[in-house]
Amino acid sequence: MTSGPDGPVARVELRGERDIAAARLAVTRAMNGMGARTLIRVRFVTAVSEIVRNAIMHGKGGELTVHVSADAREIRVCCIDSGPGIEDIDRALQDGFSTARSLGKGLGGARRLVDRFDIASAPGAGTRIEMTSRL
Amino acid sequence: MTAVHDAASVYMVENVLLIAIRDNITDTDIIGLQEELSERIVVEGARGIVIDIAALEIVDTFVGRILAQLSAIGHLLGAETYTVGMQPAVAMTLVELGMDFSGSRTALSLSHALRALKAKGLA
Amino acid sequence: MTSSTIAEVLSIIEEEYDETLAAWFRTQRQEGVRRPDLFSNAEAENQLGQLLRAFVDGARRADLDRPINLEDEAWTLLRDTLREVTKNRLERGVSPTEMTTMVLALKHPLYTRLRKRLAGDPDRLVEEITQLSRAMDAFAMQINEDFLAERDQIIERQRQEMMELSTPVVQLWERVLTIPLIGTLDSARAQEVMENLLNSIVEHRAEVVIVDITGVRVVDTQVAQHLLRTAAAVRLMGAEAIISGISPKIAQTMVELGVDVGEVTTRPSIRAALRDAFVKVGFEIRRTDDSRA
């Protein structure tokens, strides 16, 4: 698997629920290629599963890109959706909060499972989440 | 006895409903499984349910919630549910996600679960 | 597929193979990177010979008009040979600088011979030297990468060993494990402990785990949380955790801090915990000789 320094090693369109598995597989493959330990991989892919599900279920779909750092020690994903956006990000990151039935626990949990978690969202402007973990 | 889905194998053995969930299960599948199981518990008169998740490498909050719901549903229908085969990495991740499955029982393996169910006279 | 631009280099190696090899050897000794303490003459000669032959093999296949990329198919033999030799040398204690210097020492005998052969053709001389330089640079970079990759693997192996040594899981009885925690318990260590413990539960099919904290110096909210999280993970897998070594002082601290252990069993000593554990796995301890009561 080759990765240009800035280009993604994988790009997954997020339209339907089957794409959740596709996203998990893409990240799993990338991390296996980097020789990641099981626990780190499971944590990161679980976080990916959370944010991708959100993007599909509440974000009206979008795209996930997977990036591997030049030294192959860091994995980063970027998930963009074109949904209604999150009005109160801080509240959304707290466990248990939900604007729709299943938003609870997902984002806050995902944040705990990765090294870096950046989220940008505004009502009407969709949501963009970037997560990075070091191997 | 019968495996109905692609996503899970379901068997009925001595009053105990055994479900082995496969790794590629989708959201729709797992909700369908929940519905089907609810029916089968009543139809078969199952007093015990064992859900084997050994094949699941990733269990996120959605799947975790459904698994917890299965236990609750089983309980309401008079059956006791055991979840078995959880992988260590999955266990650690679920704890960090804040899911503790406090309503459900877990066991190390199918045989452990069956032993526990037998001890309670449910198998 | 052309090798015309280092045709002279290749013919030097082929026609004066033994001399080139010997000169390479000599240069290494002069530069102090021969390491006779780590490698016998025979071993070193063998390695150098393999590298030289692999170099020729690659140079004949590769397109030398393009920048040399050792990841190309053409250089497979050299890449593999280089990796093997690097790994071998690293294992015996050679530093990356020594390794690189050793390989680059090949330049000197080749330059010397090139100058002699192409004395009357300066343009070609410059071209051959340039190409040879590019090739040697590519080797040096490959060596460094291999060294780093190898070192990462060693570090990872050592990390695993340290993890297992510092948090030993002991099987006290059938289906009963114990893990004595000693010292401080920060996030990183707590995670290692948990991972080690859970894997052991699978390996030994343990039903009860006694986590003994007698040796843990400070039990604050953080430590308590780590312990409770560990107990939760153990329970998720279908086993049970008993936390032992709760001294009166720790008990008071935990209550003052408002720590709620929920359903987790806690005991003051390993002995008390063990008694519980035996009951849970179906054993009973009886005294065999009443007269010693």
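Predicted model: local features only at pLDDT ≥ 70, side-chain atom pairs only at ≥ 80, totals over all residues.

Colleague: How many residue pairs are in polar contact between chain A and chain C?

Modeller: One residue pair, with both partners at pLDDT 80 or more. By class, the side of chain A that touches chain C has one nonpolar, no polar and three charged residues.

Colleague: How do you know that chain A and chain C are in contact, and what does the contact take from each?

Modeller: The cut-off is heavy atoms within 4.5 Å. The contact takes four residues from chain A and five residues from chain C. Together the two chains bury about 390 Å², with 38% of it on carbon and sulfur atoms.

Colleague: What makes C:Glu195 and A:Arg37 a salt bridge?

Modeller: The test asks for a side-chain nitrogen of Lys or Arg within 4 Å of a carboxyl oxygen of Asp or Glu. Here the N to O distance is 2.8 Å, so the pair meets the definition. Across the interface of chain A and chain C, the rule finds two salt bridges.

Colleague: Which pair with A:Arg53 is called a salt bridge, and what is its distance?

Modeller: That is B:Asp27 with A:Arg53, whose side chains meet at 2.6 Å, N to O.

Colleague: Why is the salt bridge of B:Glu57 and A:Arg41 said to join two chains?

Modeller: First the distance: the closest N and O atoms of B:Glu57 and A:Arg41 are 3.1 Å apart. Then the places: B:Glu57 lies in the loop between S3 and H2 of chain B, while A:Arg41 belongs to helix H2 (residues 38-57) of chain A, so the pair joins two chains.

Colleague: How much area do chain B and chain A bury between them, and how many residues does the contact take?

Modeller: They bury about 1900 Å², 52% of it on carbon and sulfur atoms. B:Ile58, B:Glu96 and B:Leu97 supply 31% of the area that chain B buries against chain A, more than any other three residues. The contact takes 18 residues from chain B and 24 residues from chain A.

Colleague: What makes strand S1 and strand S4 of chain A edge strands?

Modeller: Each pairs on one side only: strand S1 (10-14) and strand S4 (116-121). The open sheet has five strands in the order S1-S2-S3-S5-S4 (chain A), with antiparallel pairing. From one strand to the next the twist averages 10°. Helix H1 (residues 18-33) of chain A packs on this sheet, touching S1, strand S2 (62-68) and S3, and its direction makes about 170° with that of S1(A).

Colleague: How do you know that S3 and S5 of chain A pair?

Modeller: Pairing needs at least two bridges. Eight bridges join strand S3 (residues 74-81) to strand S5 (residues 127-134) of chain A, so they count as a pair. Along them, A:Asp81 stands opposite A:Thr127 in S5(A).

Colleague: In chain B, what is the sense in which strand S2 and strand S3 pair?

Modeller: Strand S2 (residues 16-21) and strand S3 (residues 48-52) of chain B pair in the parallel sense over five bridges. B:Leu17 stands opposite B:Ile49 in S3(B). The open sheet of chain B holds five strands in the order S1-S2-S3-S4-S5, and its pairing is mixed.

Terms used: Residues numbered from 1 in each chain as written. Chains lettered and ligands numbered in written order. Heavy atoms only, no water. Helix = DSSP H or I, 4+ residues; strand = E, 2+ residues; numbered from the N terminus. Axes fitted to C-alpha atoms, helices over the stretch in contact; angles between N-to-C directions. Buried area = accessible area lost by both parts, 1.4 Å probe. Polar contact = N/O pair within 3.5 Å; in protein donor to acceptor, adjacent residues only side chain to side chain. Nonpolar A, V, L, I, M, F, W, Y, C, P; charged D, E, K, R; others polar.
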